[in-house]
Amino acid sequence: MDTRSSYPEHAAFLFITTEGERRSAAERSYVLQAPHGAVTRLRYRSRWAATGALIHRLPLESFIPHVPEGAVVYSDPRRLERSMVDLIRGILDTAPAPSSFEQYAFAQLLTEMGAAVLLDRHGLPPSDAREGVRRAAMAFIAHQSGDPGLAPLDVARHVRVSLRTLQAAFSAADTSIAAEIRRQRARCAHALLTEARYAPLSFDEVAARAGFGSAMTLRRALREEYGATPRTLRRR
């Protein structure tokens, strides 16, 4: 598997279980990470099964400053990695097919879980402390953006830094805490407006579910993020 040629924009996570070389041997599990590289000469002599996910590198890099290069195999799966396997299998077993809003939620969860797995294995360089704070804040915002009361101070408290420190981290990336909250809410609203099953929702109800205080603020955010009105998105 060569992610540079086959999946240049994605990071690959593969969780492999083997039966052992002998029937009496216990099962063994492996974790294969290929954020950006080639996996070669990986052989198993017995039956094996794999559960995997391809995660787009761009959103992944919003949580971890530097996605590692190369590919690596671990023979000691950790708790986070086992949890990621359970999440992937749960998504695959979903019936009927997930809606666009559910797909959005699953993508967010997998991206954050993949970032957590990489951070758990590779750590965060001290020089990237400010960027790490910003990305931790973005992960929290992605989870809590539906709360209309979410404010920059809440985010700062969650990541355990002062509001001034957090503002500086976002400013260094040419953005702000409030802008990221608004962007995440707009993404959620976009999913609600473009999925047919949510068509009965009024624009006020979409605004409330996405965390906006009113349909007017929803309209303003969608125009800024997508250059479209709620009505236009729903028609599409």
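Which residues form a nonpolar patch on the surface, and about how much accessible area do they have together?

Author: In this predicted model, the nonpolar patch on the surface is formed by Met1, Tyr7 and Leu54, which together have about 260 Å² of accessible area. Tyrosine 7 is placed in the segment before strand S1 (10–18), and with a relative accessible area of 33% it is partly exposed; a patch residue needs over 30%.

Turning to the charged side chains, the count of salt bridges comes to seven. One of them joins aspartate 120 and arginine 78, with 3.3 Å from N to O; because aspartate 120 lies in helix H3 (residues 100–122) and arginine 78 in the loop between strand S4 (70–74) and helix H2 (79–92), the pair ties together parts that are 42 residues apart in sequence. Aspartate 120 is partly exposed, at a relative accessible area of 34%, and arginine 78 is likewise partly exposed, at 32%.

Another salt bridge is formed by glutamate 224 and arginine 182, whose closest N and O atoms are 3.6 Å apart; this pair links glutamate 224 in helix H9 (residues 215–226) with arginine 182 in helix H7 (residues 177–194), 42 residues apart. Glutamate 224 counts as exposed at 55% relative accessibility, whereas arginine 182, at 31%, counts as partly exposed.

Asp76, Glu81 and Arg121 are linked in a network of salt bridges, and arginine 121 also lies over the face of tyrosine 74, at 3.9 Å from the ring centre.

Terms used
Residues numbered from 1 in each chain as written. Predicted model: local features only at pLDDT ≥ 70, side-chain atom pairs only at ≥ 80, totals over all residues. Heavy atoms only, no water. Patch = residues over 30% accessible without salt bridge, like charges linked within 9 Å, V, L, I, M, F, W, Y side chains within 5 Å. Areas by Shrake-Rupley, 256 points an atom, 1.4 Å probe, with all protein chains shown as cover. Salt bridge = Lys/Arg side-chain N within 4 Å of Asp/Glu carboxyl O. Helix = DSSP H or I, 4+ residues; strand = E, 2+ residues; numbered from the N terminus. Buried < 20%, exposed > 50% of the residue type's maximum accessible area, 1.4 Å probe, protein only. Lys NZ or Arg CZ within 6 Å of the ring centre and 35° of its normal.
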